[in-house]
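Hello,

Here is the structure I said I would hand over. Please look through it first, then read the notes below.

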Amino acid sequence: MKHGDALFEDSQLGPFPMHRLKHMAKSTTLITSHVQRIDARENAFDKAGRGDFGWDVQREQTRPKKEPLIAAQLDTIAPLVSIVDKKVAASKAPIPEDPRILSRHIKRLGYYLKADIMGICRIPDYAVYSFDKLGNAINLDYPFAIVIVVSKEYQTVKASNGYDWIVDSISFQAYQRAALVAHTIANYIRRLGYRAIPQHVRHYQVLIPPLLLWAGMGEVSRAGIILNPFLGLNYKASAVLTDLFLEPDEPIDFGLQDFCQHCKLCAEMCPSKAISVGDKEMYNGYETWKLDVQRCASFFLLNKKGAGCGRCVKVCPFSRPATWPHNLIRWGVEHFG
């Protein structure tokens with residue numbers, strides 16, 4: 001391969017052959033035109049913090065983190081927010097105009113910065129929060145989202161029982177890296193003369209799951225999390241919203257809907273019984289296995305034996321690298337990709 005060829009062909013850019021999966025114009029989740037935008041103050045932890053789930057849960061949500069490593073990790077993420085509004089360069093850099101080349105360049109940059117999976121999508125209206133946590137209306141005019149997936153450190157996940165004292169730190173270890181990649185890419189794009197803002201655990205104006213779905217990075221799972229065929233649920237994600245004209249990816253289909261319909265392991269092993277064991281239902285204009293967010297958040301915050309919960313991530317067969325679902329996916333992309 002000649003120097004620079006990677007941007008002009010269809011070769012694999014990252015560690016996983018995402019480009020060889022079955023891509024479709026529509027997602028495997030039924031999404032109607034009736035999906036409504038969500039207020040950022042209506043997420044489970046904000047509801048817990050204002051007392052919607054009871055006083056005990058509110059007390060645990062509003063007090064300082066009970067595990068020092070998590071607190072230390074949060075302290076390193078917080079300062080990143082201050083660089084969100086850096087100015088865009090006054091003139092545009094002389095870069096290629098081909099959105100395919102630009103997209104591969106941005107993805108390759110993400111992999112250079114140690115992202116595990118990169119994807120791009122157009123931002124659906126319903127993915128944008130209606131109001132922020134201060135009650136301000138959110139109106140965004142960025143057409144594209146660059147979606148960044150960072151895996152959790154598997155050896156620690158393997159050693160954890162899924163709801164012990166290290167489990168929340170495992171998440172923030174991935175959140176840290178995802179936030180740093182998003183900020184670096186956004187800053188880089190602004191220096192090229194285009195607008196870009198990062199989205200991460202301390203700065204969300206959009207819902208990340210719809211972006212993961214439309215960027216072809218996974219399917220909706222029974223646990224309510226977008227499941228990636230190579231990492232399972234064992235990851236965290238961030239994003240960059242931009243007006244740099246890019247080529248969107250398409251949703252993928254690797255048979256997860258049928259798998260989750262019959263598996264039910266995450267629901268059976270969920271300590272709070274928040275994950276449905278039944279069939280999908282329509283919720284806010286889309287079909288899903290509806291998570292009981294009150295049960296999930298309450299157990300997470302009231303857990304006396306650990307600093308949270310990630311039991312569904314721990315037990316999901318796809319989260320373990322050497323299990324038969326992964327081998328089947330690998331065989332499929334090798335023979336039919």
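Is C270 buried or exposed? C270 counts as buried, at 9% relative accessibility; buried means under 20% relative accessible area, exposed means over 50%, and partly exposed is in between, with a 1.4 Å probe and protein chains only.

Some ground rules before the rest. This is a predicted model, in which local features need pLDDT of at least 70, side-chain atom pairs count only at pLDDT 80 or more, and totals for chains, interfaces and linings use all residues. Residues are numbered from 1 along each chain as its sequence is written, and side-chain values use heavy atoms, with hydrogens and water left out.

Cysteines

A disulfide is a covalent bond between the sulfur atoms of two cysteines. The rule used here asks for a pair of cysteine sulfur atoms within 2.5 Å, and by that rule the count is 0 disulfides. For C270, the closest cysteine sulfur belongs to C309 and lies 6.3 Å away, too far for a bond. For C263, the closest one is in C266, at 6.6 Å, which is also too far for a bond. C263 is partly exposed, with a relative accessible area of 28%.

Two helices in contact

Helices (H or I, at least four residues) and strands (E, at least two) are DSSP runs, numbered from the N terminus. Helix 2 covers residues 55–62 and helix 10 covers residues 293–302; their axes come within 9 Å and cross at roughly 60°. Axes here are lines fitted to C-alpha atoms, for helices over the stretch in contact, and angles run from 0 to 180 degrees between N-to-C directions. The two helices are therefore oblique to each other: angles under 35 degrees count as roughly parallel, over 145 as roughly antiparallel, 65 to 115 as roughly perpendicular, and the rest as oblique. On the helix 2 side, D56, V57, E60 and Q61 make the contact, and on the helix 10 side S298, L301 and L302 do. Contact means heavy atoms within 4.5 Å.

T29 lies in the segment before helix 1 (44–49) and is buried, with a relative accessible area of 5%. Leaving out residues up to four places away in sequence, T29 touches V220, Q257 and E287.

S151 is in strand 2 (residues 144–151). S151 is buried too, at 15% relative accessible area. With residues up to four places away in sequence again not counted, S151 touches several residues, among them D116, R177 and Y235.

Regards
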